Amino acid sequence: NPGWIGNLVGFIEQGGTEAQTRRNLNTLFGLTYKVPFIDGLTISGRMSPTFIDTTLHQLDKKVTIYDVAKEGSNGAIYTDSVIGSEQSAYPTKEKYAQASSKTTSYQLDFSANYIKKFGKHNLDALVVYEQSEGKYDYFYGARENFPLVQEGQFWATSSSRTDSYVDGVQSENGRASYIGRVAYNYDEKYFVNVTVREDGSMLFA
């Protein structure tokens, strides 16, 4: 029925609310040490943990839409005379939902670098160990229908199990990598470079 007009202001002001809170923490710790009893050797370590926490609160409510009288020869002019009203089709059922997700991860690096010159011989050797792990947890819960008051809290929703549903996801991954590189040159004229790398499975955890 083209006479039905959605209450746009009502959808904005009374159609519900959605609020999301996100907390993100990224840090980096590092240390470099020059070994005093081995000339040319430097050892380094670095760790970078990350924490992400997200919470979502969602309230979906129906609003009133109206059927108004029309006039004109083609019936295409809308008037402000209301002849009927009904609840909006969306949402199918009014509900309150809450979701939360947590992500924790870290990157860990260790390296040893040896740089030395022996006369016309120049050597640069590097060994690196990398390790990373991550964990993700997600939970979603919702309850439909409001017996008494429409409030963005679970206590205001229906206590029937048929009006409740939950969902969730959990995952974990990690990887370990080994890197080696040797660079050699003689009198800055003849050069040799060798690099190797081995990566473990992303799902070893």
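Ser164 touches Ala142, Arg143 and Ser158, leaving aside residues up to four places away in sequence; a contact here means heavy atoms within 4.5 Å. The model is predicted, so local features need pLDDT of at least 70 and side-chain atom pairs count only at pLDDT 80 or more, while totals for chains, interfaces and linings use all residues. Residues are numbered from 1 along each chain as its sequence is written, and side-chain values use heavy atoms, with hydrogens and water left out.

- Ser164 is found in strand β9, which covers residues 164-186; strands (E, at least two residues) and helices (H or I, at least four residues) are DSSP runs, numbered from the N terminus.
- Ser164 counts as partly exposed, at 28% relative accessibility; buried means under 20% relative accessible area, exposed over 50%, and partly exposed in between, with a 1.4 Å probe and protein chains only.
- The C-alpha atoms of Ser164 and Ala97 are 9.7 Å apart in space, and the two residues are 67 residues apart in sequence.

**Overall form of the chain**

- The secondary structure of the chain comes to one helix and ten strands.
- Read from the N terminus on, the order of the elements is β-α-β-β-β-β-β-β-β-β-β.
- The chain is more spread out than a compact globule, because its radius of gyration is 32 Å, well over the 17 Å that the globule rule gives for 205 residues. The radius of gyration is taken over C-alpha atoms, and the globule rule is 2.2 Å times the number of residues to the power 0.38.
- The C-alpha trace spans about 100 × 45 × 25 Å along its principal axes.
- Of the contacts in the chain with a separation of 6 or more, 68% are between residues 24 or more positions apart.

**Surface and charge**

- Buried residues make up 25% of the 205 residues in the chain.
- The chain exposes about 14,100 Å², and carbon and sulfur atoms supply 56% of this area. Accessible areas come from the Shrake-Rupley method with a 1.4 Å probe, and for residues only the protein chains shown count as cover.
- There are 20 positive and 24 negative side chains, and the centres of the two sets lie 10 Å apart. Lys and Arg count as positive and Asp and Glu as negative, whereas His and the chain ends are not counted; the place of a charge is taken as NZ of Lys, CZ of Arg, CG of Asp or CD of Glu.

**Salt bridges**

- Side chains of opposite charge can pair when their charged atoms come close.
- A search of the whole structure finds nine salt bridges, each being a side-chain nitrogen of Lys or Arg within 4 Å of a carboxyl oxygen of Asp or Glu.
- One of them joins the side chains of Asp109 and Arg46, at 3.0 Å from N to O. Asp109 lies in strand β7 (residues 95-118) and Arg46 in strand β4, so the pair ties together parts that are 63 residues apart in sequence. Asp109 is buried, with a relative accessible area of 11%, whereas Arg46 is partly exposed at 46%.
- Another salt bridge joins the side chains of Glu144 and Lys93, at 3.6 Å from N to O. Glu144 lies in strand β8 (residues 121-144) and Lys93 in the loop between β6 (77-87) and β7, so this pair ties together parts that are 51 residues apart in sequence. Glu144 is buried, with a relative accessible area of 14%, while Lys93 is partly exposed at 39%.
- Arg197 and Glu130 also form a salt bridge, their closest N and O atoms being 3.5 Å apart. Arg197 lies in strand β10 (residues 190-199) and Glu130 in strand β8, so the parts tied together are 67 residues apart in sequence. Arg197 is partly exposed, with a relative accessible area of 47%.
- Glu130, Arg197 and Asp199 are linked in a network of salt bridges.

**A buried threonine**

- Thr54 has its place in strand β4, residues 41-60.
- Thr54 is buried, with a relative accessible area of 11%.
- Not counting residues up to four places away in sequence, Thr54 touches Gln20, Thr21, Arg22, Ala99, Ser100 and Ser101.

**Loop residues with positive phi**

- Asn145, in the loop between β8 and β9, has a positive phi of about 70 degrees although it is not a glycine. Asn145 is partly exposed, with a relative accessible area of 30%.
- Asp187 lies in the loop between β9 and β10. Its phi is near 60 degrees, a positive value in a residue other than glycine, and Asp187 is partly exposed, with a relative accessible area of 27%.
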